[in-house]
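This report is for a reader who has not seen this structure before.

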Amino acid sequence: MCYLNACGIQWYVAVLAALCGYAMGNISPATILGKIKNVDIRKEGSGNPGTTNVLRVLGKKYAVITLLVDILKGVVAVILGKLLFGDIVGMIAGLFAFIGHVFPVIFKFKGGKGVATALGIVLTVSWQIGLAVLGIALFFMIITRTVSAGSVAGAIVFPVIIYFNHPELTVWAVLMALIVLVRHRENIKRLMSGTESKISFKK
């Protein structure tokens, strides 16, 4: 509260941004596309309503749509918050869009793992940092042929990069990174045991 006051932001503006961002995060393209195809994406494949599972269950076209919509949720939340009330409110809206994606109330708080939405948020807040994190994530994804390895690597380096460039945003970055890592805890176990599913770049 004191931080908001120091930034000249009224508490109700922050709450409104959080609620709007959270509501936006609840939109689940994976679930919607699954219903269109008469498939419950939460009961197929890994059960995760995210791009990777949509790719495995529904195919490339639907995976691309899922990825783009999940990224756009973060982008739109940040941009609207920034345009209406400034940078800090934009970051609050983005953070809660991310939280809404991972813990959606309309799906009993069982959402995706948040990587695509987090990427959209970071790219909008700082496209340079966003591209750096994306580059590292893609590097680990390619050399390990596992999406989860890239996601975990990106989550680990993100707050480090933020700390050295925008230290005032470290807590914000650490919170998102920790949620991504917790949501990937089973993937991390499989990565360590060598049983994580690999992707085929040829396919």
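R145 counts as partly exposed because its relative accessibility is 38%; buried means under 20% relative accessible area, exposed over 50%, and partly exposed in between, with a 1.4 Å probe and protein chains only. R145 is in the loop between helix 8 (127-144) and helix 9 (147-165). Helices are DSSP runs of H or I with at least four residues, numbered from the N terminus. The phi of R145 is positive, near 60°, in a residue other than glycine.

F109 is not a glycine either, and has a positive phi of about 65°. F109 belongs to the loop between helix 6 (87-102) and helix 7 (115-125).

## Model and confidence

This is a predicted model, in which local features need pLDDT of at least 70 and side-chain atom pairs count only at pLDDT 80 or more, while totals for chains, interfaces and linings use all residues. Residues are numbered from 1 along each chain as its sequence is written, and side-chain values use heavy atoms, leaving out hydrogens and water.

The average pLDDT of the chain is 91, and 94% of the residues score at least 70; pLDDT is the predictor's confidence in each residue, from 0 to 100. Confidence is lowest in helix 1 (residues 2-6), with a mean of 54, and highest in helix 10 (residues 170-183), at 97.

## Nonpolar cores

The largest nonpolar core has 23 residues, of which F98, I129, F158, W172 and M176 touch the most other members. Such a core is a set of buried Ala, Val, Leu, Ile, Met, Phe, Trp, Tyr and Cys residues joined through side-chain atoms within 4.5 Å. Helices 6, 7, 8, 9 and 10 each give two or more residues to this core, and helix 10 gives the most, with six.

Beyond its neighbours within four places in sequence, M176 is in contact (heavy atoms within 4.5 Å) with L95, F98, A118, I121, V122 and F158. Another core lies apart from the largest one and has nine residues, including V13, A14, A77 and V89.

## Exposed residues

F85 is in helix 5 (residues 60-85) and counts as partly exposed, at 44% relative accessibility.

K43 is exposed, with a relative accessible area of 68%, and lies in the loop between helix 3 (29-36) and helix 4 (51-57). K43 and V171 are 128 residues apart in sequence, and 35 Å apart in space from C-alpha to C-alpha.
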